[in-house]
Amino acid sequence: MTATTNPPAVLLLIDLQQGIVDGPEDWGPRSTPDLVENVTSLLTIWRMNRWPIMHVHHDDIFDPTNIISAKWPETFAAHACAAKGKGERRYVKNGGSAFVGTGLKDDLRMYVKSKGRGKEAVGKVVVCGMDGKECVNSTVRHGVDLGFEMVVVGDACASYGMRSWKKEGKGDVLTAEETHAVAMGMLEGYCEVTSREKLFAALRVSENGAEERKEEGKK
């Protein structure tokens, strides 16, 4: 991803909800200790530059015991690091991909078209969120199939651990960090997976954001 992104890339936050970011004990530990800090930093940069931000939340309407449901307001709510700001859009999905039944696809295409890139222009979408092996994977791969240029910020995403598959019996338990590394590795076959630091370098921004870009323009 380069600093010449035009129109500005959309920041897409996936399932950064209280009950997922700080999941129950029986889920085990979460990967990416710096998740909250990195998500906060991304939002700061996007808001400072007035770039578009879209939030996706998961609402499980099929399993009544799942706490990631509107029936459980405390765990369904956005995590503090990813609270929706004024003018930012929010979509609620019931499955893995944020592009199914939400209107996200049409809104992204409308945004690209409105910026004068033409109906068939490719829109860039920067992704952060959870869970890396589940809804992040599903959404990103679907987005690529729809023609969007997806960029995943690996250290602004996180995963919980999982058990590997074996034909007979249960497989080995993978830690959260091992699971996340595999999940991001899978996505590298479909799109760019980067870090917060590398993304900011490519966009020529820092925590001082817009000022750095303005100063460069004066040279």
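Predicted model: local features only at pLDDT ≥ 70, side-chain atom pairs only at ≥ 80, totals over all residues.

Visitor: What is the order of the strands in the open sheet?

Guide: The order is β3-β2-β1-β4-β5-β8, six strands with parallel pairing. From one strand to the next, the twist averages 25°.

Visitor: Why are β3 and β8 called edge strands?

Guide: Each of them, β3 (89-93) and β8 (192-194), pairs on one side only.

Visitor: Why is Leu11 called buried?

Guide: Buried means under 20% relative accessible area. Leu11 has 0%, so the word applies. Leu11 belongs to strand β1, and leaving aside neighbours within four places in sequence, its contacts include Leu42, Leu43, Trp46, Pro52 and Ile53. Met54, Val126 and Cys128 are also among them. The C-alpha atoms of Leu11 and Met54 are separated by 6.2 Å, although the two residues are 43 apart along the chain.

Visitor: What makes β5 largely enclosed?

Guide: Eight of its 10 residues are buried, so β5 is largely enclosed by the rest of the structure. Helix α6 (residues 176-187) packs on the sheet, touching β5 (149-158) and β8. The direction of α6 makes about 170° with that of β5.

Visitor: Which strands does helix α4 lie across?

Guide: Helix α4 (residues 104-114) lies across β1, β2 (53-58), β3 and β4, and it runs at about 175° to β2.

Visitor: Which residues of helix α5 are buried, and what covers them?

Guide: In α5 (residues 135-145), the buried ones are Cys135, Val136, Asn137, Thr139, Val140 and Gly143. Their cover includes β1, β3, β4, β5 and α6. Just after α5 comes Gly147, with a positive phi of about 100°.

Visitor: What makes the phi of Asp15 worth a look?

Guide: Most residues other than glycine have a negative phi. Asp15 is not a glycine, yet its phi is positive, about 55°. Asp15 sits in the loop between β1 and α1 (18-21).

Visitor: Why is Arg204 called partly exposed?

Guide: The term covers what lies between under 20% and over 50%. Arg204 has a relative accessible area of 42%, so it is partly exposed. Arg204 also has a positive phi, about 60°, without being a glycine, and it is found in the loop between α7 (196-203) and α8 (210-218).

Visitor: How do you know that Ser69 is buried?

Guide: Its relative accessibility is 4%, so Ser69 counts as buried by the under 20% cut-off. Its place is in the loop between β2 and α3 (73-76). Not counting residues up to four places away in sequence, Ser69 touches Asp59, Asp60 and Phe76.

Visitor: Where is there a cis peptide bond?

Guide: The bond from Met130 to Asp131 is cis, with omega near -20°. In general, most peptide bonds are trans. Asp131 lies in the loop between β4 and α5, and it is one of the residues nearest the centre of the largest pocket.

Visitor: Which other residues lie nearest the centre of that pocket, and how many line it?

Guide: Ile20, Trp27, Glu134 and Tyr160 are the others, and 15 residues form the lining. These divide into seven nonpolar, three polar and five charged. About 360 Å³ of space lies in the largest pocket.

Visitor: How many helices and strands does the chain have?

Guide: Eight helices and eight strands. Of the 219 residues, 46% count as buried.

Definitions and conventions:
Residues numbered from 1 in each chain as written. Heavy atoms only, no water. 1 Å grid on protein atoms, 1.4 Å probe; cavity = no way out; pocket = protein on both sides within 12 Å on 5 of 7 lines; lining within 4 Å. Points joined across faces, edges and corners; volume = space filled by probe spheres on them. Nonpolar A, V, L, I, M, F, W, Y, C, P; charged D, E, K, R; others polar. Pairing = 2+ DSSP bridges. Helix = DSSP H or I, 4+ residues; strand = E, 2+ residues; numbered from the N terminus. Axes fitted to C-alpha atoms, helices over the stretch in contact; angles between N-to-C directions. Contact = heavy atoms within 4.5 Å. Buried < 20%, exposed > 50% of the residue type's maximum accessible area, 1.4 Å probe, protein only.
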